[in-house]
Amino acid sequence: MSSSRVALAGSTGSIGTQTLDVIAAEPDRFELTALGASGRKLDLLIAQAEAHRPKVVAVADETAAAELTARLPQCEIRAGDGALASLANEAEVVVNGVVGFAGLPVTLATLEAGQRLALANKESLIAAGPVVQRARRTPGAELVPVDSEHCAIHQCLRANDNPSRVERLVLTASGGPFRGRSRAELEAVTIDEALAHPTWSMGPKITVDSSTLMNKGLEVIEANELFGAPAGDHGVGIGFDQIDVVVHPQSIIHSMVEFTDAATIAQLSLPDMRLPIGYALAYPDRSTTPFGRIDWSTLSRLDFEPPDLEAFGCLRLAYAAGRAGETSPAWLNAANEEAVAAFLAGRLRWTQIADVLAAALDLYDGTPATDLETVIDTDQRARRIAGEVIERIAS
Ligand code: MG
(Lines give C-alpha, C1' and ligand atoms only; values in the text may rest on other atoms or scores of the structure.)
Protein backbone atom coordinates (compact mmCIF):
# COMPACT_ATOMS: atom_id res chain seq x y z
CA MET A 1 0.00 0.00 0.00
CA SER A 2 1.43 3.38 -0.95
CA SER A 3 1.42 5.95 1.83
CA SER A 4 -0.82 8.98 1.64
CA ARG A 5 0.69 12.40 2.16
CA VAL A 6 -0.95 14.36 4.95
CA ALA A 7 -0.77 18.07 5.81
CA LEU A 8 -1.93 19.24 9.22
CA ALA A 9 -3.17 22.76 9.97
CA GLY A 10 -3.69 23.56 13.62
CA SER A 11 -1.08 21.05 14.80
CA THR A 12 -0.68 22.39 18.34
CA GLY A 13 -4.38 22.19 19.25
CA SER A 14 -6.29 19.21 20.57
CA ILE A 15 -7.20 17.82 17.11
CA GLY A 16 -3.65 18.50 15.90
CA THR A 17 -1.86 16.57 18.63
CA GLN A 18 -4.30 13.66 18.29
CA THR A 19 -3.79 13.64 14.50
CA LEU A 20 -0.05 13.24 15.12
CA ASP A 21 -0.87 10.19 17.32
CA VAL A 22 -2.86 8.63 14.47
CA ILE A 23 -0.10 9.30 11.93
CA ALA A 24 2.58 7.96 14.26
CA ALA A 25 0.57 4.75 14.81
CA GLU A 26 0.69 3.88 11.09
CA PRO A 27 3.92 5.42 9.76
CA ASP A 28 4.02 3.24 6.62
CA ARG A 29 0.58 4.44 5.67
CA PHE A 30 0.52 8.16 6.45
CA GLU A 31 3.37 10.52 5.66
CA LEU A 32 3.24 13.94 7.31
CA THR A 33 4.59 16.36 4.69
CA ALA A 34 3.58 19.66 6.28
CA LEU A 35 2.31 21.04 9.54
CA GLY A 36 1.35 24.45 10.79
CA ALA A 37 -0.29 26.37 13.60
CA SER A 38 -1.10 29.86 14.78
CA GLY A 39 2.25 30.24 16.54
CA ARG A 40 0.81 30.79 20.01
CA LYS A 41 2.54 27.57 21.20
CA LEU A 42 5.81 27.97 19.33
CA ASP A 43 7.86 25.53 21.41
CA LEU A 44 5.31 22.77 20.84
CA LEU A 45 5.23 23.50 17.10
CA ILE A 46 9.02 23.22 16.96
CA ALA A 47 9.01 19.99 19.00
CA GLN A 48 6.39 18.52 16.64
CA ALA A 49 8.46 19.46 13.59
CA GLU A 50 11.57 17.89 15.14
CA ALA A 51 9.69 14.68 15.94
CA HIS A 52 7.79 14.28 12.65
CA ARG A 53 10.23 15.94 10.21
CA PRO A 54 7.77 17.49 7.71
CA LYS A 55 9.21 19.28 4.68
CA VAL A 56 7.14 22.43 5.33
CA VAL A 57 6.28 24.21 8.59
CA ALA A 58 3.77 27.08 8.51
CA VAL A 59 2.96 29.66 11.15
CA ALA A 60 0.23 32.29 10.99
CA ASP A 61 2.15 34.67 13.26
CA GLU A 62 4.62 36.46 10.96
CA THR A 63 6.84 37.51 13.87
CA ALA A 64 7.63 33.84 14.62
CA ALA A 65 9.28 33.27 11.23
CA ALA A 66 12.84 34.15 12.24
CA GLU A 67 12.87 31.88 15.28
CA LEU A 68 11.39 28.97 13.31
CA THR A 69 13.95 29.40 10.54
CA ALA A 70 16.78 29.39 13.08
CA ARG A 71 15.54 26.39 15.03
CA LEU A 72 14.27 24.24 12.13
CA PRO A 73 17.01 24.60 9.47
CA GLN A 74 15.90 21.39 7.72
CA CYS A 75 12.34 22.70 7.07
CA GLU A 76 10.92 25.19 4.62
CA ILE A 77 9.27 27.87 6.80
CA ARG A 78 6.18 29.77 5.67
CA ALA A 79 4.77 32.59 7.79
CA GLY A 80 1.95 35.10 7.67
CA ASP A 81 -1.68 35.29 6.65
CA GLY A 82 -1.76 32.74 3.83
CA ALA A 83 0.80 30.33 5.33
CA LEU A 84 -1.62 27.74 6.75
CA ALA A 85 -3.79 27.72 3.62
CA SER A 86 -0.67 27.14 1.49
CA LEU A 87 -0.30 23.70 3.11
CA ALA A 88 -3.19 22.54 0.89
CA ASN A 89 -0.72 22.06 -1.96
CA GLU A 90 1.62 19.83 0.04
CA ALA A 91 -0.56 16.72 0.43
CA GLU A 92 -3.49 14.64 -0.79
CA VAL A 93 -5.22 14.93 2.57
CA VAL A 94 -5.35 18.12 4.63
CA VAL A 95 -6.48 17.93 8.25
CA ASN A 96 -8.02 21.25 9.28
CA GLY A 97 -7.80 21.40 13.07
CA VAL A 98 -7.58 25.19 13.29
CA VAL A 99 -9.82 26.67 16.00
CA GLY A 100 -12.61 29.06 14.99
CA PHE A 101 -13.25 31.27 11.98
CA ALA A 102 -9.48 31.41 11.30
CA GLY A 103 -9.79 27.92 9.79
CA LEU A 104 -11.86 29.07 6.82
CA PRO A 105 -8.96 29.81 4.41
CA VAL A 106 -7.56 26.29 4.97
CA THR A 107 -10.95 24.75 4.14
CA LEU A 108 -11.34 26.77 0.94
CA ALA A 109 -7.73 26.31 -0.23
CA THR A 110 -7.93 22.53 0.23
CA LEU A 111 -11.22 22.11 -1.61
CA GLU A 112 -10.17 24.50 -4.37
CA ALA A 113 -6.95 22.49 -4.81
CA GLY A 114 -9.14 19.41 -5.43
CA GLN A 115 -7.80 17.54 -2.40
CA ARG A 116 -9.42 15.70 0.47
CA LEU A 117 -10.31 17.86 3.45
CA ALA A 118 -10.47 16.11 6.83
CA LEU A 119 -12.52 18.80 8.48
CA ALA A 120 -12.47 19.35 12.23
CA ASN A 121 -13.01 23.10 11.88
CA LYS A 122 -16.79 23.25 11.93
CA GLU A 123 -16.81 27.05 11.98
CA SER A 124 -15.74 27.28 8.34
CA LEU A 125 -18.84 25.32 7.26
CA ILE A 126 -21.10 27.21 9.63
CA ALA A 127 -19.86 30.69 8.87
CA ALA A 128 -19.35 30.31 5.14
CA GLY A 129 -21.62 27.42 4.15
CA PRO A 130 -22.70 28.72 0.72
CA VAL A 131 -19.09 29.65 -0.17
CA VAL A 132 -17.74 26.28 0.97
CA GLN A 133 -20.48 24.46 -0.98
CA ARG A 134 -19.24 26.04 -4.20
CA ALA A 135 -15.64 25.01 -3.40
CA ARG A 136 -16.81 21.43 -2.77
CA ARG A 137 -17.79 21.18 -6.46
CA THR A 138 -14.10 21.45 -7.50
CA PRO A 139 -13.15 18.23 -9.35
CA GLY A 140 -11.31 15.91 -6.95
CA ALA A 141 -12.39 17.84 -3.86
CA GLU A 142 -13.70 15.66 -1.08
CA LEU A 143 -14.85 16.57 2.41
CA VAL A 144 -14.71 13.96 5.16
CA PRO A 145 -15.95 15.30 8.52
CA VAL A 146 -13.77 14.75 11.59
CA ASP A 147 -16.40 16.04 14.02
CA SER A 148 -17.44 12.81 15.77
CA GLU A 149 -21.18 13.19 15.15
CA HIS A 150 -20.81 13.98 11.47
CA CYS A 151 -18.20 11.29 11.03
CA ALA A 152 -20.75 8.89 12.57
CA ILE A 153 -23.45 10.05 10.14
CA HIS A 154 -20.96 9.73 7.26
CA GLN A 155 -20.41 6.11 8.32
CA CYS A 156 -24.15 5.37 8.84
CA LEU A 157 -25.08 6.77 5.42
CA ARG A 158 -22.84 4.18 3.80
CA ALA A 159 -25.33 1.54 4.98
CA ASN A 160 -27.72 2.50 2.17
CA ASP A 161 -27.13 3.31 -1.50
CA ASN A 162 -30.23 5.44 -2.11
CA PRO A 163 -29.95 8.94 -0.53
CA SER A 164 -33.69 9.55 -0.92
CA ARG A 165 -34.34 6.83 1.67
CA VAL A 166 -32.89 8.95 4.50
CA GLU A 167 -35.68 10.09 6.83
CA ARG A 168 -33.78 11.95 9.57
CA LEU A 169 -30.41 12.51 11.18
CA VAL A 170 -30.16 12.18 14.95
CA LEU A 171 -27.20 13.98 16.51
CA THR A 172 -26.27 12.79 19.97
CA ALA A 173 -25.11 15.22 22.65
CA SER A 174 -23.39 14.28 25.90
CA GLY A 175 -25.28 17.11 27.57
CA GLY A 176 -22.01 18.52 28.90
CA PRO A 177 -21.13 19.11 32.57
CA PHE A 178 -24.39 20.92 33.37
CA ARG A 179 -26.90 18.36 32.14
CA GLY A 180 -29.97 18.24 34.36
CA ARG A 181 -29.43 21.67 35.95
CA SER A 182 -32.18 24.27 35.84
CA ARG A 183 -31.62 27.80 34.57
CA ALA A 184 -31.57 29.08 38.16
CA GLU A 185 -28.90 26.54 39.15
CA LEU A 186 -26.80 27.59 36.16
CA GLU A 187 -26.50 31.24 37.27
CA ALA A 188 -23.43 30.61 39.42
CA VAL A 189 -21.37 28.08 37.42
CA THR A 190 -17.64 28.80 37.16
CA ILE A 191 -15.10 28.69 34.32
CA ASP A 192 -13.48 25.56 35.78
CA GLU A 193 -16.84 23.78 35.95
CA ALA A 194 -17.57 24.70 32.32
CA LEU A 195 -14.16 23.34 31.30
CA ALA A 196 -14.69 19.96 33.02
CA HIS A 197 -16.31 17.92 30.25
CA PRO A 198 -17.61 14.54 31.47
CA THR A 199 -16.68 12.39 28.44
CA TRP A 200 -14.59 14.20 25.80
CA SER A 201 -11.11 15.72 25.94
CA MET A 202 -11.17 18.88 23.79
CA GLY A 203 -9.83 22.44 23.59
CA PRO A 204 -11.29 25.19 25.85
CA LYS A 205 -13.44 26.97 23.24
CA ILE A 206 -15.32 23.84 22.17
CA THR A 207 -15.56 22.61 25.76
CA VAL A 208 -17.38 25.79 26.78
CA ASP A 209 -19.56 25.42 23.66
CA SER A 210 -20.41 21.89 24.82
CA SER A 211 -21.44 23.18 28.23
CA THR A 212 -23.91 25.68 26.67
CA LEU A 213 -25.05 23.19 23.96
CA MET A 214 -23.96 25.83 21.42
CA ASN A 215 -21.57 23.17 20.12
CA LYS A 216 -24.57 20.96 19.36
CA GLY A 217 -26.38 23.90 17.79
CA LEU A 218 -23.40 24.62 15.55
CA GLU A 219 -23.29 20.90 14.73
CA VAL A 220 -26.94 20.98 13.62
CA ILE A 221 -26.00 23.75 11.17
CA GLU A 222 -22.88 21.78 10.20
CA ALA A 223 -25.02 18.66 9.54
CA ASN A 224 -27.35 20.69 7.35
CA GLU A 225 -24.37 22.00 5.36
CA LEU A 226 -22.74 18.58 5.04
CA PHE A 227 -25.80 16.47 4.28
CA GLY A 228 -28.71 18.82 3.55
CA ALA A 229 -28.01 19.45 -0.14
CA PRO A 230 -29.84 17.35 -2.74
CA ALA A 231 -28.40 13.97 -3.71
CA GLY A 232 -25.82 14.53 -6.43
CA ASP A 233 -24.66 17.70 -4.71
CA HIS A 234 -22.99 15.88 -1.80
CA GLY A 235 -26.17 15.67 0.33
CA VAL A 236 -29.16 13.48 1.04
CA GLY A 237 -31.78 16.23 0.68
CA ILE A 238 -32.83 16.86 4.27
CA GLY A 239 -33.64 20.12 6.12
CA PHE A 240 -33.57 21.41 9.71
CA ASP A 241 -36.91 19.69 10.47
CA GLN A 242 -35.16 16.36 9.84
CA ILE A 243 -32.14 17.00 12.09
CA ASP A 244 -32.85 16.08 15.70
CA VAL A 245 -30.72 16.31 18.83
CA VAL A 246 -30.94 13.75 21.62
CA VAL A 247 -28.95 13.88 24.84
CA HIS A 248 -27.00 10.66 25.38
CA PRO A 249 -24.71 11.09 28.40
CA GLN A 250 -22.46 8.05 27.84
CA SER A 251 -21.14 9.39 24.48
CA ILE A 252 -21.00 5.87 23.02
CA ILE A 253 -23.47 6.38 20.17
CA HIS A 254 -21.94 9.21 18.15
CA SER A 255 -25.02 9.83 15.97
CA MET A 256 -27.65 7.94 14.01
CA VAL A 257 -29.45 7.92 10.68
CA GLU A 258 -33.08 6.87 10.42
CA PHE A 259 -34.24 5.59 7.05
CA THR A 260 -37.71 5.67 5.45
CA ASP A 261 -38.58 2.20 6.75
CA ALA A 262 -37.80 3.48 10.31
CA ALA A 263 -34.63 1.37 10.50
CA THR A 264 -32.02 3.33 12.46
CA ILE A 265 -28.29 2.82 11.93
CA ALA A 266 -25.99 4.07 14.69
CA GLN A 267 -22.22 4.28 15.05
CA LEU A 268 -20.82 3.27 18.43
CA SER A 269 -17.31 3.53 19.82
CA LEU A 270 -15.51 4.93 22.84
CA PRO A 271 -15.38 8.75 22.87
CA ASP A 272 -11.93 9.34 21.35
CA MET A 273 -11.34 11.80 18.52
CA ARG A 274 -8.58 9.63 17.10
CA LEU A 275 -11.22 7.34 15.56
CA PRO A 276 -12.84 10.07 13.40
CA ILE A 277 -9.38 11.43 12.54
CA GLY A 278 -8.19 7.96 11.43
CA TYR A 279 -11.45 7.43 9.52
CA ALA A 280 -10.96 10.67 7.57
CA LEU A 281 -7.32 9.83 6.80
CA ALA A 282 -8.00 6.23 5.72
CA TYR A 283 -11.37 6.72 3.97
CA PRO A 284 -12.77 4.85 2.03
CA ASP A 285 -10.66 2.24 3.82
CA ARG A 286 -10.37 2.08 7.61
CA SER A 287 -7.57 2.70 10.01
CA THR A 288 -6.12 -0.47 11.54
CA THR A 289 -5.26 1.14 14.88
CA PRO A 290 -7.92 1.05 17.63
CA PHE A 291 -7.77 3.71 20.31
CA GLY A 292 -9.78 1.75 22.87
CA ARG A 293 -12.61 -0.73 22.33
CA ILE A 294 -16.07 -0.96 23.90
CA ASP A 295 -16.14 -3.57 26.65
CA TRP A 296 -19.63 -5.07 26.26
CA SER A 297 -19.32 -6.86 29.59
CA THR A 298 -19.19 -3.53 31.46
CA LEU A 299 -21.27 -1.26 29.17
CA SER A 300 -24.59 -1.92 30.88
CA ARG A 301 -26.79 0.90 29.62
CA LEU A 302 -27.26 3.65 27.06
CA ASP A 303 -29.50 6.53 28.16
CA PHE A 304 -31.37 9.14 26.11
CA GLU A 305 -33.32 12.28 26.97
CA PRO A 306 -34.54 15.35 25.08
CA PRO A 307 -32.41 18.52 25.36
CA ASP A 308 -33.68 21.20 27.79
CA LEU A 309 -34.15 24.22 25.52
CA GLU A 310 -35.15 26.47 28.44
CA ALA A 311 -31.90 26.01 30.36
CA PHE A 312 -29.76 25.75 27.21
CA GLY A 313 -31.09 28.54 25.01
CA CYS A 314 -28.04 28.46 22.71
CA LEU A 315 -29.35 25.35 20.97
CA ARG A 316 -32.64 27.07 20.14
CA LEU A 317 -30.78 30.15 18.84
CA ALA A 318 -28.64 27.96 16.58
CA TYR A 319 -31.69 26.32 14.97
CA ALA A 320 -33.12 29.81 14.38
CA ALA A 321 -29.89 31.06 12.78
CA GLY A 322 -29.60 27.89 10.70
CA ARG A 323 -33.12 28.25 9.38
CA ALA A 324 -32.53 31.94 8.55
CA GLY A 325 -29.51 30.79 6.47
CA GLU A 326 -27.22 33.05 4.40
CA THR A 327 -24.87 34.91 6.80
CA SER A 328 -27.02 34.34 9.88
CA PRO A 329 -24.92 31.34 11.05
CA ALA A 330 -21.75 33.41 10.45
CA TRP A 331 -23.22 36.15 12.60
CA LEU A 332 -24.12 33.73 15.38
CA ASN A 333 -20.73 32.01 15.23
CA ALA A 334 -18.80 35.28 15.47
CA ALA A 335 -20.91 36.51 18.36
CA ASN A 336 -20.41 33.18 20.10
CA GLU A 337 -16.61 33.30 19.72
CA GLU A 338 -16.65 36.76 21.32
CA ALA A 339 -19.02 35.70 24.11
CA VAL A 340 -17.02 32.57 24.95
CA ALA A 341 -13.79 34.58 25.02
CA ALA A 342 -15.43 37.08 27.38
CA PHE A 343 -16.64 34.23 29.61
CA LEU A 344 -13.17 32.64 29.70
CA ALA A 345 -11.72 36.07 30.56
CA GLY A 346 -14.09 36.29 33.53
CA ARG A 347 -16.10 39.18 32.03
CA LEU A 348 -19.40 37.32 31.51
CA ARG A 349 -21.31 34.83 33.60
CA TRP A 350 -22.06 31.52 31.91
CA THR A 351 -25.79 32.27 31.53
CA GLN A 352 -24.93 35.60 29.90
CA ILE A 353 -23.38 33.81 26.89
CA ALA A 354 -26.90 32.97 25.64
CA ASP A 355 -28.09 36.49 26.53
CA VAL A 356 -25.34 38.01 24.37
CA LEU A 357 -26.19 35.73 21.45
CA ALA A 358 -29.92 36.46 21.65
CA ALA A 359 -29.23 40.20 21.70
CA ALA A 360 -26.72 39.95 18.85
CA LEU A 361 -29.12 37.88 16.69
CA ASP A 362 -31.80 40.53 17.22
CA LEU A 363 -29.40 42.97 15.53
CA TYR A 364 -28.65 40.67 12.55
CA ASP A 365 -28.94 42.58 9.28
CA GLY A 366 -29.81 39.80 6.79
CA THR A 367 -26.78 40.09 4.46
CA PRO A 368 -26.73 37.35 1.75
CA ALA A 369 -23.65 35.07 1.78
CA THR A 370 -22.60 35.93 -1.78
CA ASP A 371 -18.83 35.52 -1.46
CA LEU A 372 -15.92 35.18 0.94
CA GLU A 373 -15.54 38.95 1.40
CA THR A 374 -19.18 39.27 2.48
CA VAL A 375 -18.72 36.47 5.00
CA ILE A 376 -15.53 38.00 6.44
CA ASP A 377 -17.20 41.40 6.61
CA THR A 378 -20.23 39.87 8.37
CA ASP A 379 -17.95 38.10 10.82
CA GLN A 380 -16.23 41.38 11.70
CA ARG A 381 -19.45 43.35 12.07
CA ALA A 382 -20.96 40.63 14.26
CA ARG A 383 -17.86 40.65 16.49
CA ARG A 384 -18.08 44.41 16.87
CA ILE A 385 -21.77 44.28 17.75
CA ALA A 386 -21.26 41.34 20.11
CA GLY A 387 -18.47 43.35 21.75
CA GLU A 388 -20.88 46.24 22.33
CA VAL A 389 -23.52 43.88 23.74
CA ILE A 390 -20.94 42.27 26.03
CA GLU A 391 -19.84 45.72 27.21
CA ARG A 392 -23.45 46.57 28.07
CA ILE A 393 -24.31 43.24 29.72
CA ALA A 394 -21.03 42.79 31.62
CA SER A 395 -21.17 46.17 33.30
MG1 MG B 1 -18.82 17.02 17.81
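Biologist: Leaving aside its neighbours within four places in sequence, which residues is alanine 339 in contact with?

Modeller: Contact here is a distance test: two residues pass if their C-beta atoms, placed from the backbone, lie within 7 Å. For alanine 339, the partners beyond four places in sequence are Leu348, Ile353, Val356, Leu357, Ala386 and Ile390. Keep in mind that this is a predicted model, in which local features need pLDDT of at least 70, side-chain atom pairs count only at pLDDT 80 or more, and totals for chains, interfaces and linings use all residues. Residue numbers start from 1 along each chain as its sequence is written.

Biologist: How many residues does the largest nonpolar core have, and which have the most contacts inside it?

Modeller: In soluble globular proteins, nonpolar side chains tend to be buried together. A nonpolar core is a set of buried Ala, Val, Leu, Ile, Met, Phe, Trp, Tyr and Cys residues joined through C-beta atoms within 7 Å. Buried means 20 or more other C-beta atoms within 10 Å of the residue's own, exposed means 12 or fewer, and partly exposed lies in between, with C-beta atoms placed from the backbone. In this model the largest such core has 119 residues, and Val94, Ala118 and Ala339 have the most contacts inside it. Helix H14 (residues 328-344) is its top contributor, giving nine residues. Domain 1 (4-145) and domain 2 (150-325) each supply at least three residues to this core.

Biologist: Where do the two domains touch, and which elements give two or more residues to the side of domain 1 that touches domain 2?

Modeller: Domain bounds come from an automatic or database domain assignment, and here they give domain 1 (4-145) and domain 2 (150-325). Their C-alpha centres are 24 Å apart, and 23 residues of domain 1 contact 25 residues of domain 2. On the domain 1 side, the elements giving two or more residues are helix H1 (14-25), helix H5 (122-127), helix H6 (129-136) and strand S7 (142-145). H1 gives the most to that side, with seven residues. By class, that side has 12 nonpolar, seven polar and four charged residues. Nonpolar covers Ala, Val, Leu, Ile, Met, Phe, Trp, Tyr, Cys and Pro, charged covers Asp, Glu, Lys and Arg, and the others, Gly among them, are polar.

Biologist: What covers the buried residues of H4?

Modeller: The element names come from DSSP runs, numbered from the N terminus: helices are H or I with at least four residues, strands are E with at least two. Helix H4 (residues 104-112) has eight of its nine residues buried, so it is largely enclosed by the rest of the structure. Its cover includes strand S1 (4-9), strand S5 (93-96), strand S6 (116-119), H5, H6 and S7. After H4 comes glycine 114, with a positive phi near 70 degrees.

Biologist: At what angle do the axes of H7 and H11 cross?

Modeller: Axes are lines fitted to C-alpha atoms, for helices over the stretch in contact, and angles run from 0 to 180 degrees between N-to-C directions. Helix H7 (residues 148-157) and helix H11 (residues 214-227) cross at roughly 35 degrees, their axes coming within 10 Å. Glu149, His150 and Ile153 in H7 meet Glu219, Glu222, Ala223, Leu226 and Phe227 in H11. That contact has four nonpolar, one polar and three charged residues. H7 is mostly covered, with nine of its 10 residues buried.

Biologist: And how far apart are the axes of H13 and H14?

Modeller: Those axes are 7 Å apart, and the helices pack at about 145 degrees. Leu317, Ala318, Ala321, Gly322 and Ala324 in H13 meet Ser328, Pro329, Trp331 and Leu332 in H14. By class, this contact has seven nonpolar, two polar and no charged residues.

Biologist: Is leucine 213 buried or exposed?

Modeller: Let's begin with its backbone. Most residues other than glycine have a negative phi, and most peptide bonds are trans. Leucine 213 has a positive phi of about 65 degrees and sits in the loop between helix H10 (204-212) and H11. It is buried, with 30 other C-beta atoms within 10 Å. Histidine 234 also has a positive phi, near 75 degrees, but counts as partly exposed, with 18 C-beta neighbours inside 10 Å.

Biologist: Which residues does a cis peptide bond join?

Modeller: Tyrosine 283 and proline 284, with omega about 5 degrees. Proline 284 lies in the loop between helix H12 (274-282) and helix H13 (313-324).
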